[in-house]
Amino acid sequence: MAKGAKTENKQKKLAIDKDMCIGCGHCADSCPEVFKLSDESVAHVISQDFDKCGCDIEQIRSECPVGAIVWED
Ligand code: SF4
């Protein structure tokens, strides 16, 4: 196995594309430990500890109606 291959995803940061987010609230409802809606109804990532909350972040990501939950390097 290539060295570092397993940790590749851990170096990426979960983020919200704020221009795309329509504030539907699905991500914050699904995992309030990681996502929070601002007063302007835009989601924010409030924790990168998504390994600990036990939520399926990829599932939540795929359920965002506009694909606004992204991985950043
Ligand atoms: S699920 Fe997507 S559109 Fe809905 S609040 Fe979260 S990031 Fe925004």
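**Starting in the core**

Select C21, C27, V34, F35, A43, I60, C64, A68 and I69, the nine residues of the largest nonpolar core, a core being a set of buried Ala, Val, Leu, Ile, Met, Phe, Trp, Tyr and Cys residues joined through C-beta atoms within 7 Å. A residue is buried if 20 or more other C-beta atoms, placed from the backbone, lie within 10 Å of its own, exposed if 12 or fewer, and partly exposed in between. This is a predicted model, in which local features need pLDDT of at least 70 and side-chain atom pairs count only at pLDDT 80 or more, while totals for chains, interfaces and linings use all residues. Residues are numbered from 1 along each chain as its sequence is written.

**Around the ligand**

Next, show the ligand and the 14 residues around it, among which C21, C24, H26, C27 and C64 come nearest; a residue is near if its C-beta atom, placed from the backbone, lies within 6 Å.

**An exposed loop**

Finally, select S41, which lies in the loop between β2 (35–37) and β3 (43–45), strands being DSSP runs of E with at least two residues, numbered from the N terminus. Most residues other than glycine have a negative phi. S41, although not a glycine, has a positive phi of about 60°, and S41 is exposed, with 11 other C-beta atoms within 10 Å.

Note on methods. Helix = DSSP H or I, 4+ residues; strand = E, 2+ residues; numbered from the N terminus.
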